[in-house]
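Okay, thanks for making time, everyone. Let me put the thing on the screen and then walk you through it.

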Amino acid sequence: MPALYYHPLSSYCWKALIAIKVLGVHVTLHAVNPGDADERALLAKLSPFGKIPLLVDEDRPVLETSILIEHLQVRHARSGARLIPEEAASALDVRLWDRVMDQYVMTPMQTFTADLLKPQEQRDPVAVDRARSLLMTSYGVMDRQLEGRTWLAAEDFSLADCAAAPALFYAIAYVPLGVEHSRVAAYFERLMEHPAIAGVISDAQPFFKYFPGRAGLSRRFFEPEI
Ligand SMILES: N[C@@H](CCC(=O)N[C@@H](CS)C(=O)NCC(=O)O)C(=O)O
């Protein structure tokens, strides 16, 4: 059985965990804490960049969440379960929107998190402003894409939606959607109702108190301790 190294708070790990549920794959879960030096050393042995999620399948590391998901679809998915459509043009759309979510939503969202984890004197307000502006652009791009659509890239729930769910969840804690992003807001609600996504969020809830952007999380997900 493949093994997944993950952390319940990590956005890219959510992407993998959502896919694992939708594809009906059985994996052994190993929770790791990248904040712990020993665990980082273990990860570095298994994976050259020390990033999570990491899949180990038949002693071979499978890196990069999008590739990891495609690997699971090709090798282990329950019969008929897919996140990347068979038809080539639709598959390209899904891969494009998966890339857009990682590069233009997940990455600027991570800039906010990384900045908050730095000591005050090392923070970079210029980088954070750039990230904010990129997120606003991305919300606009998504809003236009979602016109007349239920899911981001294909008729069915796809790899692009697996990427969008964690990226948006954490991004809007830092940069809320504007009134002009009503389609993204409605899409976000559809994502939150998806059983695989709801399950991943529920498993992460005990850890939200460690999320640097927790002050921006909706009270329906996180109730701060007073
Ligand atoms: N491009 C990678 C990004 C994965 C990533 O950024 N993972 C974060 C957690 S969400 C991580 O491992 N951070 C720890 C580090 O960068 O040392 C992928 O798609 O899997």
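So, which residues in α1 meet which ones in α3? Before I answer, the housekeeping: this is a predicted model, so local features need pLDDT of at least 70 and side-chain atom pairs count only at pLDDT 80 or more, while totals for chains, interfaces and linings use all residues. Numbering goes from 1 along each chain as its sequence is written.

From α1 we have Y12, K15, A16, A19, I20 and L23, and they meet T65, L68, I69, L72 and Q73 of α3. In contact means that the C-beta atoms, placed from the backbone, lie within 7 Å. By class, that contact has eight nonpolar, two polar and one charged residues. For the classes, Ala, Val, Leu, Ile, Met, Phe, Trp, Tyr, Cys and Pro are nonpolar, Asp, Glu, Lys and Arg are charged, and the others, Gly among them, are polar. Helices here are DSSP runs of H or I with at least four residues, strands are E runs of at least two, and both are numbered from the N terminus.

On geometry, the axes of α1 (residues 11-23) and α3 (residues 65-75) come within 10 Å and cross at roughly 10°. Axes are lines fitted to C-alpha atoms, for helices over the stretch in contact, with angles from 0 to 180 degrees between N-to-C directions. The two helices are therefore roughly parallel to each other, a label for angles under 35 degrees.

Next, the ligand. Around it sit S10, S11, Y12, P34, G50, K51, I52, E64 and T65, where the cut-off is a C-beta atom, placed from the backbone, within 6 Å. That shell has three nonpolar, four polar and two charged residues.

Most residues other than glycine have a negative phi, and most peptide bonds are trans. Here, the I52 to P53 bond is cis, with omega near 5°, and P53 is in the loop between α2 (37-46) and β3 (54-57). E64, in the loop between β4 and α3, has a positive phi near 65°. E64 is partly exposed, with 16 other C-beta atoms within 10 Å; 20 or more would be buried, 12 or fewer exposed, with C-beta atoms placed from the backbone.

Last one: D102, in helix α4 (residues 88-116), counts as buried, with 20 C-beta neighbours inside 10 Å.

Conventions:
Parallel < 35°, antiparallel > 145°, perpendicular 65-115°, else oblique. Contact = placed C-beta atoms within 7 Å.
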